Amino acid sequence: MLSFNTDGMVRQWFAFKDPIMDYILKNLKPEHLIKLYQCCKYFYAKFRRNIIRHLEIVADGEKETLDPTKTVICVSNRVLSTIEDFWLTDSYTNHGGIAVLPELFHCCIKKLESLNGIDWSGYKKLTKAGTIEELNIAECLYFPVEYGYVMYAPVESIIVEVPNAKSIEISNAHFTEETCEALLSVNRNVKFSKFVLRNITLRLFDFPLFKEFILKNAAPECHVRIDFELFDEDVYGNVNKYLLTLATRFTEHIKLALETKKIFERIL
């Protein structure tokens, strides 16, 4: 994060005419604006917009770094509540726990990773621009305080918010009885190159509908993996073996179906 003392600053004059400079300044990318900030305080005085390219949330007690290229903040640090005027541009990574994020001025990240889960409000803020290409999260959590318990966003609700994501990985994929059918109605702008769902509840999983969703939305070379929720190994060891085998068979079946589809598309 950059800041400058603009007292006594002299207005900057450029070799280019004003219309050309106006066009350049209106179409700046974040990495270019950072360079301009570093070379001349005039640009910061003009925009007064702090930039964070990579924001990483870590556990309390870990080392913090405040830098426009990579900012590392502890999950309970109150600084997080003050970044609403910042421009978050490249990635958001959270390894520290559920973090409360403000409404960001502008967020156009391409990568979102939160292996501890993420609350639904924060997820909506980070995905609002529709620019995410890579998603790797544990789960999305609703917090209905009036009822005093946690609810989880189903897979289809998570996926619909990232129409341009080519890679999706969800560690705790929460399904409902409507999930597989709802997935078929999700609008996508790009094909999946990676699609991984773990800890699926078998009784809520409709393989034919899920397979149809993958064939509709995945690239032929897409890496697909599904895993089912396992039980206590000491009590349900044989059941777990069956679930592992079933997940492997379903995954291989989808891979074969994608390869077959690719062959037919070449022929046609």
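Predicted model: local features only at pLDDT ≥ 70, side-chain atom pairs only at ≥ 80, totals over all residues.
Trainee: What does the chain consist of in secondary structure?
Mentor: Eight helices and 12 strands. The chain has 268 residues, and 45% of them are buried.

Trainee: Why is Asp 206 called partly exposed?
Mentor: Its relative accessibility is 32%. Buried means under 20%, and exposed means over 50%. The value for Asp 206 lies in between, so the residue counts as partly exposed.

Trainee: Where is Asp 206 found?
Mentor: In the loop between strand S11 (192-200) and helix H7 (207-217). Asp 206 also belongs to a surface patch of negative charge, together with Glu 177, Glu 178 and Glu 181.

Trainee: Which residues of helix H2 are buried?
Mentor: In H2 (residues 30-39), they are Pro 30, Leu 33, Ile 34, Leu 36 and Tyr 37.

Trainee: How do you know that the buried residues line one face of H2?
Mentor: Look down the helix axis. The buried residues fall within an arc of 165°, so they line one face. On the other side of H2, Lys 35, Gln 38 and Cys 39 are exposed.

Trainee: Why is Val 239 called partly exposed?
Mentor: Its relative accessible area is 35%. That lies between the 20% and 50% limits, so Val 239 is partly exposed. Val 239 is found in helix H8 (residues 233-267).

Trainee: Which residues form the nonpolar patch on the surface?
Mentor: Phe 231, Val 235, Tyr 236 and Val 239. Together they have about 380 Å² of accessible area.

Terms used: Residues numbered from 1 in each chain as written. Heavy atoms only, no water. Patch = residues over 30% accessible without salt bridge, like charges linked within 9 Å, V, L, I, M, F, W, Y side chains within 5 Å. Areas by Shrake-Rupley, 256 points an atom, 1.4 Å probe, with all protein chains shown as cover. Salt bridge = Lys/Arg side-chain N within 4 Å of Asp/Glu carboxyl O. Lys, Arg positive; Asp, Glu negative; His and termini not counted. Charge placed at Lys NZ, Arg CZ, Asp CG, Glu CD. Helix = DSSP H or I, 4+ residues; strand = E, 2+ residues; numbered from the N terminus. Buried < 20%, exposed > 50% of the residue type's maximum accessible area, 1.4 Å probe, protein only. Arc of directions from axis to C-beta.
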